[in-house]
Amino acid sequence: MGRWVYMFGEDIGDAPPKQLLGGKGAGLAEMTRLGVPVPPGFTITTEACLAYTDSGGKMPDGLEEEVDEAVRELEERIGRGLGDPKSPLLVSVRSGAAVSMPGMMDTILNLGLNDATVEGLAEESKDRRFAFDAYRRLLDMYGDVVLGVKREHFEEALAQLKRNLGDASMSDQDVPADKLEELVGRYARIIADGAGAPFPDDVRAQLWGAIGAVFQSWDNPRAVRYRKMHDIPHDMGTAVNVQAMVFGNMGDDSGSGVAFTRSPSTGERVLYGEFLANAQGEDVVAGIRTPRPITEAAASPGREAESLERSWPEVFREISDIADKLEKHFREMQDIEFTIEKGRVFILQTRTGKRTAHAAVRIAVEMVNEGLIDRDDALVRVEPESLEQLLHARLPSPDELEARGIRPIASGLPASPGAAMGRIVLDADEAERLAEEGKDVILVRRETSPEDIHGMKAALGIVTATGGMTSHAAVVARGLGKCCVAGCSAMTVDYEASKVSVRLDDGGTVALAPGDVITLDGTHGKIYLGELDVEAAAKVPEFETLMGWADGRRRLGVRANADTPRAARTSRSFGAEGIGLCRTEHMFFAEDRLEAVRCMVLSEGDEERAKWLDRIAPMQREDFVAIFEAMSGLPVTIRLLDWPLHEFLPREENDYGSVARALGVTADVVKKRAQAMHEVNPMLGHRGVRVGLTTPAIYRMQTRAILEAAVDCAARGIPVVPEIMIPVVALSSELAAMRTIVEEVAREVLAEAKAEIAWSYGTMIELPRACLVAGSLAETAEFFSFGTNDLTQTTFGLSRDDAGRFLAKYLDDPRGLLTADPFARLDTTGVGELVRLAAERGRATRADIKLGVCGEHGGDPRSIAFCEAVGLDYVSCSPPRLPIARLAAAQATIRAERGR
Ligand code: PEP
Ligand code: MG
């Protein structure tokens, strides 16, 4: 059996330090070894915690003896005794798991005080006020953390005391000593009432109570949920750190503070932080007093003298030297907590510092240039998702806003990132009209349809009451690079009454109307009332350097989902290596085409349909020409039409009229034809290749347009790599029959032009059946592109447009029904297994078959790691997510090589 307890800095053998001692314990141990001034203490290992939880709450054998021994050693080093009424040893007790789990458990300070030792402390420090202040802090923290007495009770007692003293806004520091003594008595009664047992006078009982509470915190529901959400294993346990107290509140030659070795907001290489004189660490964080800056440079003009650098130069120098030493040792930006006790500097904690995306990129690149880390280290240190902060206008995070008292009125899905502010408009035409007048508008709809595209283009942001991450609104908004919050289920949009109402969490409602101003946070899926400051996208020169390193390192290719020449050009500027999905139906949405498309759909007989197709063909060809030009030399996967039919059928009476006029029939006839085409479940209906085979003229027209465009470009010296892709295939017979048609058209076009164009033929894999028969599909297909949006929908049997109605409840459910939205993060155990199987079967038939993903998951870092593991060739995602995908792909390669 191993040991349960290690003094800071003691040899732990071969065990990985963080795993055994937790992050905090490992940091304290390492600093002690480096000779950094750390108050002495010991760590109870994570293994002891696991033994405790595994046995249902029994302290493991031998732990008691080891803790006793460690306390004795600590007493000897400090020359004080735990519970000694003359010279009491006080300790802090803190949890610390291998991975940081913020908010899992609070800290207990000043443990070791009771009615007798507090007198000793008062006597020794010659400061009665200080001693009783320490005691009341212990009662407060112990009552809350160990005994489960709500903190508000203590806060209220303190507030009451201040009111009795006639100054409700008095600072804690000004409460006189005798009143603090009274407060201690009051706190003790609050504990006895709230916990049903008194605060333990026995200091050893205090210590074991605290150790048990830390152990138990590992399995509290909040911690379990946090681990599930962040994929942290449950079998790691938390360590417990017991450390001698040092006091920053022992007078004006004492203080506490935090320092970052580089700026956490810009990444600049300067010491950055704050401190408070005569204060304990928690006072700095609590924000009751305004801390002073560490460096002169960070002080506001005229207040430089308040900085630690100017007011306390020796201490400043010592902290700077330690910060330097720690950063060099850990080769990472450190966040350091320090305390100055009567002029002596102590470091209480060092850990990797949290930072903005901007700082992360700059620090990673600069540390490589300084020779501190290598490029692979730099690449894995930047969180891919965080790059979104650099690329889009954004709002402060919901937490930052909450801290300022600003709460969202509604939440939905973060369908398209960025931030936008404007007046509500419920109608696409109105959005366009107001935007032309120079107004900033937000288009709010129940859902969007092709008829809304012009309004979506004109608006700065889009909100829908229904729909999921792959709904029309979400897909189009991402394509347009507009911020979008979709599926706000608490929102009701009443077009007739021109009203929007939002149900609030507290049961109330907010009534909104066109013209009211709202601000959207598409990155977090939040809607705020009124105007908030939107921050512009940051410009970080190191970004391009990091992206270049990522490109040099990744194995997976990265392509874009782009349907327009503009999106194609944007995608190239974001580093796309081709188009992985050009959705041709989006080309049909354009206003000048929608009517022709509707007439084509609703015309009767091949002859009439051909007339409308002839009208659409040149527009399709032009689009393809412009896209090929933009992507010159890079592959462009063009998916033949896959419409959800209902999105194209006219819905309003006057739309029937205009289609009827164009077709030369009555509105009633058009209405009847549209009704005849009505499907109960269009997502599982007559779409994709099913339309291609039953009305072959449409796919024939598209194939012709693609190849004519290719011929046109090639003739002008623009290299083209067209890939024709068939959607919603379930049967190998469908794919083979379609290939015959496509080849026939291709032969015609190329013979007419007397040209040779290399093109390839492949299929989307969007249905479970397609995965199962992938071996036979690969006889016809030269490539597979996994349409994981539909594959998720069909594997789960869950409509992607309706999932939003209950998915949030599943995600919030404490039973852990779902830990991630499967439409945003690939469900690797279910849908992913189908992908793996299809890839294997496809390769077994055709060894060099090209495999990619073009569902939304192609831009999600964890899903990308899965694509790497399965050995796909590329991922394809919307243009704004390209940098995220490039970095995530590089990380996947590096991690695979490092064997994680
Ligand atoms: C898919 O189903 O994953 C896909 C990319 O196609 P769409 O989203 O257009 O259905
Ligand atoms: Mg699909």
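How far is an oxygen atom of ligand 1 from a polar backbone atom of threonine 788? The distance is 3.0 Å. The model is predicted, so local features need pLDDT of at least 70 and side-chain atom pairs count only at pLDDT 80 or more, while totals for chains, interfaces and linings use all residues. Residues are numbered from 1 along each chain as its sequence is written, chains are lettered from A and ligands numbered from 1 in the order in which they are written, and side-chain values use heavy atoms, with hydrogens and water left out.

View 1. Polar contacts are pairs of N or O atoms within 3.5 Å. A polar side-chain atom of aspartate 790 lies 2.9 Å from an oxygen atom of ligand 1; for an N or O atom in the side chain of glutamate 766, the distance to a ligand oxygen is 3.1 Å.

**View 2. Crossing of helices H32 and H34.** Helices are DSSP runs of H or I with at least four residues, and strands are runs of E with at least two. The axes of H32 (residues 788-796) and H34 (residues 831-845) come within 10 Å and cross at roughly 115 degrees; axes are lines fitted to C-alpha atoms over the stretch in contact, and angles run from 0 to 180 degrees between N-to-C directions. Leu791, Thr792, Thr795 and Phe796 of H32 meet Val831, Leu834 and Val835 of H34, where contact means heavy atoms within 4.5 Å.

**View 3. An open sheet of three strands.** The order is E17-E18-E19, with antiparallel pairing (strands pair if DSSP finds at least two bridges between them). Strands E17 (491-494) and E19 (509-512) form the edges.

Definitions and conventions. Polar contact = N/O pair within 3.5 Å; in protein donor to acceptor, adjacent residues only side chain to side chain.
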